[in-house]
Amino acid sequence: MTPLLSVEKLHKAFGALKVTDDISLDARAGELHAIIGPNGAGKTTLVAQLSGQLHPDGGRILYDGQDITALDMAGRVQLGLARSFQITSVLPGFTVLENVALAVQARSGSSFRFFRSAAAEAGLNEPALDFLRQVGLEARTEVLARNLSHGEQRQLEIAVALATEPRLLLLDEPFAGTGRQDGAVLLSLLESLKRRLTIVLIEHDMHAVFRLADRVSVLVYGRIIATGTPADVRANPEVRAAYLGEEEAGVGA
Amino acid sequence: MSDAAARRPRRSGLGLPTRHMVAGALFVLLAALPFIATAIGDPFLVVVFTRILVFAIAALSLDLILGYGALVSFGHAAYIGLGAYCVGILSRHGVTDLGVHLAAAIGLSAIFATVTGAIALRTRGVYFIMITLAFGQMAYFFFVSFAAYGGDDGMSLAQRSTVFGSDLLRDSTTLFYLTLAILVGFYVVASALVGSRFGRVISGTRENALRMQAIGFRPFRYQLVAFVIAGCMAAVAGVLLANQAMFVSPAYMSWHRSGELIVMVILGGIGTLIGGVVGAFVVLLLEEWLAVFTTHWRMGLGIVLILVVFFSPGGVSGLVQRLFGGNR
């Protein structure tokens with residue numbers, strides 16, 4: 001079976017610093033592939049290239065067999081490749097419902113409609129409410145996004161990504177900055193999305209990753225040093241040296 | 001859900017229903033103005049207020065892109081000038097019909113806005129300001145050096161635009177009502193626009209352009225259309241200004257004028273539509289009254305602007321909402 005997403009020999013350098021160094025990886029339809037790595041490993045740069053925010057210096061990105069390397073972010077989203085942001089990136093002055101309704105609008109009909117009130121369009125609000133139910137924010141629809149708690153903003157971020165009706169979801173450190181309680185909510189949310197969608201999860205939080213992932217790749221200094229099942233990766237001595245040892249000795253996630 | 005809707009926090013400035021009520025009240029008052037002017041024996045008021053309404057139209061159009069799109073155009077007066085010159089130049093060649101003047105003004109500024117907007121919208125923030133300023137100044141200097149049509153001195157009009165061959169607009173009161181009707185019409189159109197799907201894309205891009213791309217929008221084309229719509233509205237103001245003053249001059253499009261339009265929007269309350277209208281009233285009435293006392297009236301305006309920015313970030317219309325409780 002051909003993978004939904006495959007990355008071939010991706011390169012990106014900022015000056016002399018190789019942030020993405022010959023990365024090849026894939027995500028099979030329906031799997032959750034986690035990419036972990038310590039700070040500065042080049043995780044966010046990789047997401048930026050997969051989502052179309054940054055263009056790689058070399059290599060190819062194939063989505064569903066199609067070369068999307070030159071496609072911009074909006075074009076990739078229209079093909080079904082949605083992303084969330086590490087630093088929460090919602091529309092702060094829009095309500096929760098409006099945030100999601102706008103994402104629904106992006107894929108349902110033209111937005112060159114100048115007169116009818118968008119707020120009164122049931123075709124936007126009802127699907128939006130549906131996505132908010134899925135992430136558990138249905139009681140917060142009329143709150144301005146800027147007034148949500150950090151954890152709620154992460155939930156909103158996922159509702160917005162879901163509203164673009166993706167086949168592949170790219171999650172950039174969804175657990176960053178979440179507390180224990182928010183983290184648990186998020187974890188069960190991601191568990192409910194698993195299998196429905198193909199997910200590429202970029203994460204620093206080891207605990208969540210090993211519970212969720214079908215496969216894990218380890219990114220260190222711009223290179224993938226190992227790929228395999230969580231158990232394989234955990235047992236890999238190179239990974240332990242580069243990452244896990246430090247993690248266990250240090251913060252103890 | 002209805003309970004939640006009732007508690008719904010509003011965005012900056014006036015909430016929708018209050019804002020429309022204030023606008024409605026203002027428009028009704030204005031409609032009565034010619035009668036008041038006659039009653040108090042000061043017919044010149046109608047002339048003064050026609051000019052204010054013209055700038056209210058221009059400020060309203062600027063607020064559409066400045067308030068809702070965060071596109072700080074520092075060349076918006078160029079469109080007033082383009083509209084005014086369409087009247088001046090066409091009339092000089094014997095084409096006096098208002099419909100033709102409006103069509104030419106809208107068509108010409110649509111082209112100018114599309115070309116300059118397509119370039120300016122490649123940039124953000126202060127660069128966008130500088131590029132719109134540069135294009136505005138280019139238009140200004142084009143007409144300054146256009147000797148055939150008066151150059152620096154501008155040109156007087158022999159008559160106002162005609163409507164289907166009749167000189168209806170010779171009567172200042174008729175021109176006043178035409179200007180008011182266009183302002184009300186534009187206010188209604190702009191209000192619908194900002195609440196539409198299109199309007200949501202524009203405000204969403206103001207909030208977070210990257211997020212908009214991440215949900216599948218390419219904001220550029222929407223911003224460009226908004227930029228063109230605002231330019232065309234300002235050009236209509238220019239057609240009216242030429243008729244009101246019976247004079248056309250490059251001074252209409254200088255960067256001072258563009259700056260004044262921004263001041264009007266900020267003073268009145270950014271992103272409220274009616275704010276630009278209120279701002280035009282405040283600035284031009286201050287000019288009218290303060291200029292009687294001192295040639296340094298702009299200092300007075302400066303002080304008012306500073307006070308408003310510090311004490312009422314929602315502008316004058318935001319202040320009105322706070323005084324009257326708004327719609328919480």
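The legends below describe views of chain B in a predicted model.

**View 1. Overall fold of chain B.** Chain B holds 14 helices and two strands, where helices (H or I, at least four residues) and strands (E, at least two) are DSSP runs numbered from the N terminus. Along the principal axes, its C-alpha atoms fill a box of roughly 60 × 50 × 40 Å. The radius of gyration of chain B is 20 Å, in agreement with the value near 20 Å that a compact globule of 328 residues would have; it is taken over C-alpha atoms, and the globule rule is 2.2 Å times the number of residues to the power 0.38.

**View 2. Burial in chain B.** Of the 328 residues in chain B, 54% are buried, where buried means under 20% relative accessible area, exposed over 50%, and partly exposed in between (1.4 Å probe, protein chains only).

**View 3. A nonpolar surface patch on chain B.** Ile266(B), Ile270(B), Ile303(B), Ile306(B), Leu307(B), Val309(B), Phe310(B) and Phe311(B) make a nonpolar surface patch of about 790 Å². Patches are made of residues with over 30% relative accessible area and no salt bridge, nonpolar side chains (Val, Leu, Ile, Met, Phe, Trp, Tyr) being joined within 5 Å and like charges within 9 Å; a salt bridge is a side-chain nitrogen of Lys or Arg within 4 Å of a carboxyl oxygen of Asp or Glu. Areas come from the Shrake-Rupley method with a 1.4 Å probe, and for residues only the protein chains shown count as cover.

**View 4. Helix α13 and Ile303(B).** Helix α13 of chain B (residues 297-311) gives the most to the nonpolar patch, with six residues. Ile303(B) lies in this helix and is partly exposed, with a relative accessible area of 48%.

Residues are numbered from 1 along each chain as its sequence is written, and chains are lettered from A and ligands numbered from 1 in the order in which they are written. Local features need pLDDT of at least 70, side-chain atom pairs count only at pLDDT 80 or more, and totals for chains, interfaces and linings use all residues, while side-chain values use heavy atoms, with hydrogens and water left out.
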